[in-house]
Amino acid sequence: MELQKPYYAVIFTNTKNHNDEGYAIMAEEMEKLARQQPGFLDFESARSDLGISISYWESEQAIANWKENADHKIAQETGIKEWYSWYKVRVCLVEREYSFEKTPKIKMY
């Protein structure tokens, strides 16, 4: 994702409790739904003992609209009741980014 102007990142970090039945399905559904929202830019996640999901948005208003989405609210409530033992949400302005990608070496025969 190479963007020129500032944008926002919502960083959701969490730990799950031992009951995670239905979690993977809901997470997949929420990513698909988020990708359909106005102002959505991208999504990244990683899971081990600590889960980290980062969604990228054009504006704070787009983030607020996503937070209030009815299906997303159900997922939030279910997460609090059933899946998470702890979570934290951070909303950050991304002013600059850069990346690295190793390119495969070309084999010559």
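**Chatting through the helices and their neighbours**

Reader: How far apart are the end C-alpha atoms of helix 3 (residues 70-83), and what should its 14 residues span?

Author: The end C-alpha atoms of helix 3 are 19 Å apart, and at 1.5 Å a residue its 14 residues should span 20 Å, which agrees. The expected span is 1.5 Å times one less than the number of residues. Helices (H or I, at least four residues) and strands (E, at least two) are DSSP runs, numbered from the N terminus. This is a predicted model, where local features need pLDDT of at least 70 and side-chain atom pairs count only at pLDDT 80 or more, while totals for chains, interfaces and linings use all residues. Residues are numbered from 1 along each chain as its sequence is written, and side-chain values use heavy atoms, with hydrogens and water left out.

Reader: Ok. Which residues of helix 3 are buried?

Author: His72, Ala75, Thr78, Gly79 and Trp83. Buried means under 20% relative accessible area, exposed means over 50%, and partly exposed is in between (1.4 Å probe, protein chains only). The arc is that of the directions from the helix axis to the C-beta atoms.

Reader: Why would residues three or four places apart point the same way?

Author: An α-helix has 3.6 residues a turn, so residues at that spacing point the same way.

Reader: And what's exposed on the other side of helix 3?

Author: Ala70, Ile80 and Lys81. The buried residues of helix 3, for their part, pack against strand 1 (7-16), helix 1 (23-35), helix 2 (60-68) and strand 4 (84-94). Packing here rests on contacts, meaning heavy atoms within 4.5 Å.

Reader: What caps the N-terminal end of helix 3?

Author: Asparagine 69 does, with a side-chain oxygen 2.9 Å from the backbone nitrogen of aspartate 71. For polar contacts the rule is a pair of N or O atoms within 3.5 Å; within protein, one must be able to donate a hydrogen and the other to accept it, and residues adjacent in sequence count only if both atoms are side-chain atoms.

Reader: Back to His72. Is histidine 72 buried or exposed?

Author: Histidine 72 counts as buried, at 16% relative accessibility. Its side chain reaches the backbone oxygen of tryptophan 66 at 2.8 Å. Leaving aside neighbours within four places in sequence, histidine 72 touches Met30, Leu33, Trp66 and Lys67.

Reader: Met30 and Leu33 again, then. Which residues of helix 1 are buried?

Author: Tyr23, Met26, Met30, Leu33 and Ala34. They cover an arc of only 95 degrees around the axis, which puts them on the same side of helix 1. Ala24, Ile25 and Lys32 are exposed on the other side. The buried residues of helix 1 pack against strand 1, strand 2 (40-47), strand 3 (51-57), helix 2, helix 3 and strand 4.

Reader: Switching to aromatics: how many aromatic pairs are there?

Author: The count comes to eight. Tyrosine 23 and tyrosine 84 make one of them, edge-to-face at 5.9 Å centre to centre with 90 degrees between the planes. Tyrosine 23 lies in helix 1 and tyrosine 84 in strand 4, so this pair ties together parts that are 61 residues apart in sequence. The rings of tyrosine 84 and tyrosine 87 also pair edge-to-face, with centres 6.0 Å apart and planes at 65 degrees. To count, rings of Phe, Tyr and Trp (its six-membered ring) need centres within 6.5 Å; planes under 30 degrees apart are stacked, over 60 edge-to-face and the rest tilted.

Reader: Which residues form one aromatic cluster?

Author: Phe12, Tyr23, Trp83, Tyr84 and Tyr87. Tyrosine 23 is buried at 13% relative accessibility, and tyrosine 84 is buried at 16%. Tyrosine 87 counts as partly exposed at 39%.

Reader: What about serine 55, which strand is that in?

Author: Serine 55 sits in strand 3 and counts as buried at 9% relative accessibility. Its side chain makes a polar contact with the side chain of tryptophan 57 (2.8 Å).

Reader: Zooming out, in what order do the elements of the protein run?

Author: From the N terminus on, β-α-β-β-α-α-β. The radius of gyration is 17 Å, well over the 13 Å that the globule rule gives for 109 residues, so the protein is more spread out than a compact globule. That radius is taken over C-alpha atoms, and the globule rule is 2.2 Å times the number of residues to the power 0.38. Along its principal axes the C-alpha trace spans about 55 × 35 × 20 Å.
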